[in-house]
Amino acid sequence: MLDARGAAVPAVRYWGPDLGDLADADLAVVAAAPAIAPSSPDIPLVPSILPTPAEGWTGLPGIEAHRVGMPASRSPLRLTATAVHRSAPAGLVVSLRAHDEHGLLLDLDWSAELTVEGLVEVSVSATAAGEHPVALGRLAARLPVPARASDLLDFSGLWAGERRPQRGPVRDGVHLREQRQGRPGHDAPFLTVAGTPGFGFAAGELWSLHHAWSGDSRIALESLATGHRHLGAEELLQPGEIALAPGERYDAPLALFAFSGAGLDGLSDRFHPYVRRISPPTHRPVVLNTWEAVYFDQSLDALAPLVDAAADLGVERFVLDDGWFAGRTDDRRALGDWIVDPDRWPAGLHPLVGLVEQRGMEFGLWVEPEMVSPESRLAREHPDWLLASSDGAVPPTWRWQHALDLANPAVREHLLAALDALLTEYPIRFLKWDHNRALMAGGSAAQTRALYALLDELRAQHPDVAIESCASGGGRIDLGIARRTHRFWTSDTNDALERQSIQRFSSILVPLELLGGHVGAPRAHITGRTHDLSLRLATALFGHAGIEWDVTRASDDDRALLRDWVATVQRFRPLLHSGRTVRVDADDDASRLVHGVVAPDRGEAVFSLATTAASRVSVPPPLRLPGLDPDRRYRVALVPLGTPPRAVQDAPPAWFAAGEITASGRVLAEAGIPVPLLAPEQAIVLHATAIE
């Protein structure tokens, strides 16, 4: 509800549970002026859509701007509303003017659009309206949240350990998350949620924010002692980074706000259909990626057996990872020289691609276009293209590479030509697009917009090529780049235990089919842990499934189980890639992770139970399966994946030995079914089908 009465700058007075059709008297109650606080401005304080000190606001300002070459005026920046109108199909647009004591600075447009999925898209733009250039320091999208939203959840993490939840009470002050990497980063807040105390996956009122932006950002939950509380997001701008010439326009990145009255799963119910709508459509074949199979040891002789083994398993897309281009014998050289290595591939990639296609698979390729190795032909020929000092010392190399200046048109033209040449010469259907270092060189605003432009132009030239957003794994997962890519590499770790948690929380925002997950080798490459094949298969089933393992070294038994698993992926793919994701909150036995996907018509569902540690109890609680139709009956059957899971007790429940059980959806959701006491790091998968 936007209050646009009178001459003041409009203010959002309410967003949250649907209030239905309101009578005028009800509207007046919601928009009633608050009390005037003691020792405060002598007017009722209702923060506007872009609050500033000029209206008596002492919190974070919604906008900061001044004339280039002049000190900031001692008179606060003032905003004046010039128009408010509705926009189709369900939005509001407010036009404002920003001025100081010297006159007009900016024309502003603020809009809030209620999407069909129930998200609120807030966008803000600024145009230099006077005769002088204007430096823009801040332009934020923010919405108020109520006092009862007193629990705070967002995320942090690190490489190979993304999406670690952090939670606590909302306190006075600012919970501020600034990302200064030129990408969201592995420690990105990802989704910021303020909710009623004790909220979980299935219950609680939540007000949430996601910044749909792939560059530097500032996300805040601000709670003032006055009782005002806001969620806000903005691009983090460096001093002087945005200086608008007269008539020039700046569009702030989109901020997405969502309310749920049904816990975190309710947020997924809003975000998932939205992401499915904005993400480019594509098919999602079972993948085999070569990285953890061969690393840099590439040749036709080395890869031909892997191609044959992948095809025998039923793999549908074969992806050649890092190491295929000239001089790339390790990760310290040759990045940026996107020419096929003539020593290892004397006939180019044609023999390998031909073999892949002969075996009925698509071919995919790894690239990292935004980066360059100092030891490369490109860096030697164009040192001025690097976002680094002339001696290459500042910023320091990161994974032995620097970033290229994508804002330089010559750089963008070079990259587009190099990628176009590869996609024209070879029938490549997939690019794993990596980004293995933080920018650390300023200019994130121009760099990110140039990346978007590069991706948009490449996709226009090659619309049949799917692109994966990878940034050392999950370092760039956001809904800005989701409009331009078809898949995310969720994490560089294929350790199934780590992946259980990473995928659980990543999928609150992003639907499973956009989250790549692979079956790794028995001994995880990054953590060194060893897991049963059943846990690895069950974990990788839920997502865009693939394999990252030298399966030529796998036993005949393991290859047979992998072949069956690929068939299972293909069987359940339509459900897993279109259904509703549900999760069960941890009970007293927090070692169990339970989640599932329910078909839109609730006619079937697939659920997973995974154990992360030894149980604290000797008799596990019944397994609850939420999301089904309470008035229909379901047959729940075990899905065989790998060897049977190891159990601690000698006698599992009778139905478990039989392999299936029948119950109503209400019983399955509320009472649950008995399950065996599984050993640590085990998993079972269940398929529920409605009995008509």
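How many helices and strands make up the secondary structure of the protein? The model shown here is predicted, and its secondary structure comes to 13 helices and 35 strands. The radius of gyration is 27 Å, close to the 26 Å that the globule rule gives for 692 residues, so the protein is as compact as a globular protein of that length. The points below begin with the protein as a whole and then turn to individual residues.

**Overall dimensions, burial and surface**

- Taken along the principal axes, the box that the C-alpha atoms of the protein fill is roughly 80 × 65 × 40 Å.
- Of the 692 residues of the protein, 57% count as buried, while the accessible surface comes to about 26,800 Å², with 53% of that surface belonging to carbon and sulfur atoms.
- Among the contacts in the protein with a separation of 6 or more, 70% are accounted for by residues 24 or more positions apart.

- Thr485 is found in the loop between β26 (466-469) and β27 (487-489), where it is buried with a relative accessible area of 3%.
- The side chain of Thr485 reaches the backbone oxygen of Ile481 at 2.9 Å, and, leaving out residues up to four places away in sequence, Thr485 touches Ser279, Pro280, Ile467 and Ser469.
- Val286 is found in the loop between α2 (263-278) and β20 (287-289), and at 1% relative accessibility Val286 counts as buried.
- Leaving aside its neighbours within four places in sequence, Val286 is in contact with Val315, Glu316, Arg317, Ala545, Gly546, Val566, Val569, Gln570 and Arg573.

- Which distance separates the C-alpha atoms of Val286 and Ala32? These two residues are 254 residues apart along the chain, and their C-alpha atoms are separated by 57 Å.
- Pro38 and Thr226 are 188 residues apart along the chain, and the C-alpha atoms of this pair are separated by 9.9 Å.
- Pro38 itself is found in the loop between α1 and β3, and at 74% relative accessibility Pro38 counts as exposed.

**Backbone geometry**

- Most residues other than glycine have a negative phi, and most peptide bonds are trans; the residues and bonds in the following points are described against that background.
- Ser39 has a phi near 50 degrees, a positive value in a residue other than glycine; Ser39 lies in the loop between α1 (24-30) and β3 (63-67), and with a relative accessible area of 83% Ser39 is exposed.
- Is Arg163, which is found in strand β11, buried or exposed? Arg163 is buried, with a relative accessible area of 2%; the strand that holds Arg163 covers residues 161-169, and Arg163 has a positive phi of about 60 degrees although it is not a glycine.
- Ala88 and Pro89 are joined by a cis peptide bond with an omega of about -5 degrees, and the place of Pro89 is in the loop between β4 (78-87) and β5 (91-100).
- Another cis peptide bond runs from Val394 to Pro395, with omega near -10 degrees, and Pro395 has its place in the loop between α6 (377-381) and β24 (402-403).

Conventions: Residues numbered from 1 in each chain as written. Heavy atoms only, no water. Helix = DSSP H or I, 4+ residues; strand = E, 2+ residues; numbered from the N terminus. Rg over C-alpha atoms; globule rule 2.2 N^0.38 Å. Buried < 20%, exposed > 50% of the residue type's maximum accessible area, 1.4 Å probe, protein only. Contact = heavy atoms within 4.5 Å. Areas by Shrake-Rupley, 256 points an atom, 1.4 Å probe, with all protein chains shown as cover. Polar contact = N/O pair within 3.5 Å; in protein donor to acceptor, adjacent residues only side chain to side chain.
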